[in-house]
Amino acid sequence: AIEEEADAPEDLKPRAPIVTVMGHVDHGKTSLLDYIREENVIAGESGGITQHIGAYGVMLDGGQKITFLDTPGHEAFTAMRARGAQVTDIAIIVIAADDDIMPQTKEAISHAQAAGVPIVFAINKIDRPTANPDKIKEGLANMNLLVEDWGGKIQSHDISAKTGEGVNELLEKVLLEAELLELKANPEKLANGTVVEAFLDKGRGYVSTILVQAGTLNIGDYVLAGTCSGKVKAMQDERGKPLKVAGPSTPISILGLDGAPQAGDKFNVLEDEREAKQIAAKRSQLLREQTVRTQRH
Ligand code: GDP
């Protein structure tokens with residue numbers, strides 16, 4: 001593993017919360033993520049979000065930022081956690097108010113709890129005539145999850161991802177939760193963070209979406225990510241806008257790695273290109289040996 005020095009408290013600066021949306025299939029995760037994305041196109045940016053890179057940042061009217069992991073379903077969350085990646089600061093768990101608390105809702109709740117990540121419930125589809133948010137809140141209370149309306153401490157808000165009703169208030173509650181966490185990172189060092197997704201693009205080579213969690217990434221930096229490495233040739237945000245630097249809580253897609261790292265792999269910037277290559281090669285070899293061993297048994 002790469003040793004990381006502890007940051008001096010005075011070097012830590014506030015950073016945007018990183019939020020994952022989870023919940024049962026068809027309860028409205030994608031609709032909510034799409035609504036937030038479309039409503040929060042940063043002023044002056046043309047065209048809005050043009051590409052799906054697995055994560056995006058929004059700036060709210062008050063100037064506060066939130067970074068969303070746009071890989072709905074807790075499969076990505078679980079896969080990342082299985083690789084030891086702790087990326088999410090806050091989980092929005094979407095529950096359709098015209099349905100029940102379903103198995104995947106319960107799973108999402110236990111995943112968030114196991115990771116020690118605070119939950120904000122989004123009770124969705126309240127535009128539907130059969131919606132019954134109180135029934136959902138009662139169900140949560142029966143699971144020992146008391147939301148605010150029920151005298152508890154867990155934040156929840158009734159929303160419609162279709163009409164947008166309540167979504168801003170939901171995001172306010174997410175920001176409130178984030179404030180309590182006092183999220184900070186040191187922007188003045190070599191970047192590190194986590195891989196969100198990566199793929200091979202025919203024209204451009206390997207494209208990796210990464211989330212910078214600490215430090216600042218620059219074009220020309222030498223990145224080690226899982227078993228891959230390479231010099232950052234280009235960086236883009238989710239609007240396809242080229243960037244030269246990316247600080248903490250910024251999701252970006254980068255070009256220049258010699259392969260596709262896995263979702264949940266840590267990445268680090270190393271000063272020494274040769275060292276990065278050596279570590280990547282050693283990791284590949286270890287992985288091959290492990291695979292051979294598993295195949296034999
Ligand atoms: P996911 O599987 O959790 O990502 O759910 P989707 O976002 O794909 O939503 C499933 C279905 O519910 C789609 O047909 C959506 O149009 C619909 N839907 C999502 N949110 C709402 C809502 O707030 N109101 C209504 N009426 N329909 C919704």
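Q: What counts as a polar contact here?
A: A pair of N or O atoms within 3.5 Å; within protein, one must be able to donate a hydrogen and the other to accept it, and residues adjacent in sequence count only if both atoms are side-chain atoms.

Q: And what am I looking at?
A: This is a predicted model, where local features need pLDDT of at least 70, side-chain atom pairs count only at pLDDT 80 or more, and totals for chains, interfaces and linings use all residues. Residues are numbered from 1 along each chain as its sequence is written, and side-chain values use heavy atoms, without hydrogens and water.

Q: Which side chain lies 3.1 Å from an oxygen atom of the ligand?
A: Asn124, through a polar side-chain atom. Arg128 has a polar side-chain atom 3.3 Å from a ligand nitrogen.

Q: How much of the ligand does the protein cover?
A: 74% of the 570 Å² of accessible area that the ligand has on its own (Shrake-Rupley method, 1.4 Å probe).

Q: What does Asp26 do at the ligand?
A: A polar backbone atom of Asp26 is 2.7 Å from a ligand oxygen.

Q: Is the phi of Asp26 positive or negative?
A: Positive, about 70 degrees, although Asp26 is not a glycine. Most residues other than glycine have a negative phi.

Q: Does Ser249 have a positive or negative phi?
A: Positive too, near 70 degrees.

Q: Are they buried or exposed?
A: Asp26 counts as exposed because its relative accessibility is 64%, whereas Ser249 is buried at 4%. Buried means under 20% relative accessible area, exposed over 50% (1.4 Å probe, protein chains only).
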